[in-house]
Amino acid sequence: MTTQTTELRMPPKPRNRWRTAAIVAALCTFTVLTCLPAIGGVELDFAGMVRNWANGADKMGELLRPDFSFLPRTITPMLETLAMAVAGAALAAAASIPLTLWAARPSNPNRVTRQVVRFIINVNRAVPDLVFAMVLVAMVGVGVLPGLITLFLFDVGVVVKLVSEAIEGADHHYIEAGQAAGGTQSQINKATLLPQSWTLYANQWLYSLELNVRISAILGIVGAGGIGRLLDERRGFYAYDDVSVIILEILVVVMIIELCSNLLRSRLR
Amino acid sequence: MTTTTLPDLTLPTRPSRLRETIAAVLVGAVVLVSIIGLDIPWTELSDIPGRVAEYLRLMFAEPSWEKLPRALFETWRSVSMAWLGAIGCVVVSIPLGMLAARGVGPAWLRFVLRRSFAVIRAVPEVIIALVLLTVTGLTPFTGALALGIAGIGTQGKWVYETIESAQEGASEAVRAAGGNTAEVTRWALWPAAAPALMSFALYRFEINIRTSAVLGLVGAGGIGTMLSNYTNYREWDTVGMLLIVVVAVTMVFDLVSGSIRRRIMEGGRARAVDR
Amino acid sequence: MTEAASTTQPDGVATPWSITLEDVSVTYPNGTRALRGVSAHIEAGEMVSIVGLSGSGKSTLIRTINGLVPATSGRVVVGGHEVTGLRGRALRQLRGHIGMIFQSFNLADRTSVLNNVLVGRFAHTPSYRTLLGLTSAADKELALRCLDSVGMLEKVWARAGALSGGQKQRVAIARALCQQPSVMLADEPVASLDPPTAHAVMGDLARINAERDLTVLINIHMMDLARQYSRRMIGLRDGEIVYDGPAASATDADFEQIYDRPIQSRDRMGSAL
Ligand SMILES: Nc1ncnc2c1ncn2[C@@H]1O[C@H](COP(=O)(O)OP(=O)(O)OP(=O)(O)O)[C@@H](O)[C@H]1O
Ligand SMILES: [Mg+2]
């Protein structure tokens, strides 16, 4: 009885059996194709995996026994990581203001320039962060500079995309009033649209700062500065007790930054 | 305009903006200290644009298409890693995330699961995957596995948030009709949450496509490994070609997956999700 | 074309402009014909209300006058300037002389009342000054006087979003006044306000019309408000003018023309006030 009542309460769902079958078939085909080593797919080598896991078990055990005497050596690189994160986020925040205004429809009615900016941003977003870092290290040399540029580019991509979408999702009745008063688009943007959207910006700036701490922690893996270099080095020496200290430290720092960022965010009005 | 003929205006006092000013100064100081504290080669900064331009010319003036077949092969390897990793991640995180949702599992389990998700989330996915990889061996299969495990933190959070937001209306109706927890889950939560969960699953795939390239950089195979190798060989025309392939493939998958996600959410705005 | 371009008098009040519509039609890009051959002449300093059913083209008509909606055919002449055909800078200059207020107030909620009123100075301010946030002392003084004239001076530093509907509409009126306009357009300025506030806002508009001798055009739903505050009424139906005459002497037959049925008590806002 009860189940019947529940069934009646369900919203009617238009079903199309053929379409469902086609989708399932497509998904299965795709999955099978990803498992074919002959065309580049992943070889599902369970036996090898079991062997590897057995070998790795004791290393994993070491991860659970962090050696805290290593901690002092991590402080300077960690500060470098944090400084990179803050500087990258700040530079990107400055650059994101005009770029976002270009990329959003309410603030830029010109279709051509809008699409150009969006395309550039999308290309930028399609490059994985560490790939940027690696190529930049090859270009400008090992150090924090390629890391900083990577964070900057990454943040600009994130902020411009998310904020311009948020601006497009919001109502902007006041733009019509600005037009009716004979204002240019840039006057309207500066005097009304920016004050109106600044919490959207601030939210994403804080968010990009959070992401930055996580990313700058790994940039060192390809030589772009920060704690990642140390992590990669200890990993190379199979010093898993040290690796574990570094990971714990990253974890704590990321959580602290998130806490601060949430605190600031709740103050935004 | 002659103000003399008009009566004087008595302006209300302007509210104090001291707190805003202090906050702005603080933020400015932190940023300044960070930038100054960084070990940036200020003197060499001026010739960096020239150097970057030179490398960009080397890469993209005449990218070498000779190794394209190999690049596509490796790309498929990366995509496969991403796909299998996404499947693994989704298959694990949906039940775990559901159990972590309010009103589904017991309170202690919810607490444990949420804390674990939070911890996994706080460590960069790449580091989790990297450590797993060094322990278990650098093969594409373990790469996929690492992607699956590393994504659980975020994915699990999305699942329980989705379930909880779906819960409000639908599950009360079923409960009112006398349904038990299993029935509520099957008949109320699942139908309401399924579109969002599917869309998140696809989103995980999109994220994994980027992360799998990064794992390749450290040796898990796929396009990332190829890119890393040719960067080390300093064969810039091939690197240029590889970058074009990476960008094009990522954009195409973003585009396809993004439009499927929008279809799934039935015209509704695809929810902005954090990484 | 007898009237001069800029007609600001020494005391900051502009001379009113007349409005002429000649066979104006508007077809929206989606094919909707919102106006069909509308012709009318509005004298400088007149206060005219435009009534009609929802969708009859009132908003479209009022927006053709400042070019927010371009006329598809016909001529719109405001104060001797032909709006149709104006683009870019010239159009913005012309709009600077035409104030407009909206049903939903159209304020930027997250910024101060003062900044919202200063929007009215856009056409009279070089872009770079706005971009650098430089407000001239004269503009600020003018904005404050306009706020004062609608009784909103003490809210000058408040966020626009923190005001009530009636207060918002008054700030919006101050914004339009701050343009020192020669014509004031109002698109259902009281439709989202309660009756007493609606009367207050209509009273403000009537006072502006009387004191500054400003041409005022108001879209309005409420018959009794239209009759009470304006002398002339234009009735629109399906994009055509079906009534144009004194507001007070419109007969029941005229209302049937406009509304497709006899006037009923519920078309009035209530006679309590
Ligand atoms: N931007 C637009 N694009 C397409 N059609 C439009 C647009 N704006 C208005 N219309 C159509 O033009 C016609 C007239 O609309 P208008 O807004 O002028 O009516 P109105 O008299 O102001 O109505 P209301 O009293 O509801 O405000 C309507 O059929 C409307 O659907
Ligand atoms: Mg209207």
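I take helices (H or I, at least four residues) and strands (E, at least two) as DSSP runs, numbered from the N terminus. I am working on a predicted model, where local features need pLDDT of at least 70, side-chain atom pairs count only at pLDDT 80 or more, and totals for chains, interfaces and linings use all residues.

**Entry 1: backbone angles in chain C**

I looked up E188(C). Its place is the loop between β7 (183-187) and α7 (195-212) of chain C. Phi of E188(C) is near 50°, a positive value in a residue other than glycine. Is E188(C) buried or exposed? E188(C) is buried (under 20% relative accessible area; exposed is over 50%, partly exposed in between, with a 1.4 Å probe and protein chains only), at 10%.

Next I checked D23(C). This residue sits in strand β1 (residues 19-27) of chain C. Phi of D23(C) is near 55°, again positive and not in a glycine. D23(C) is partly exposed, with a relative accessible area of 47%.

**Entry 2: a cavity in chain B**

I turned to the second largest cavity. Its volume is about 90 Å³. Which helices of chain B each supply at least two residues of its lining? I found α3 (68-99), α8 (181-217) and α10 (236-264). The largest share, four residues, comes from α10(B). The lining includes T75(B), I209(B) and V246(B).

Conventions
Residues numbered from 1 in each chain as written. Chains lettered and ligands numbered in written order. Heavy atoms only, no water. 1 Å grid on protein atoms, 1.4 Å probe; cavity = no way out; pocket = protein on both sides within 12 Å on 5 of 7 lines; lining within 4 Å. Points joined across faces, edges and corners; volume = space filled by probe spheres on them.
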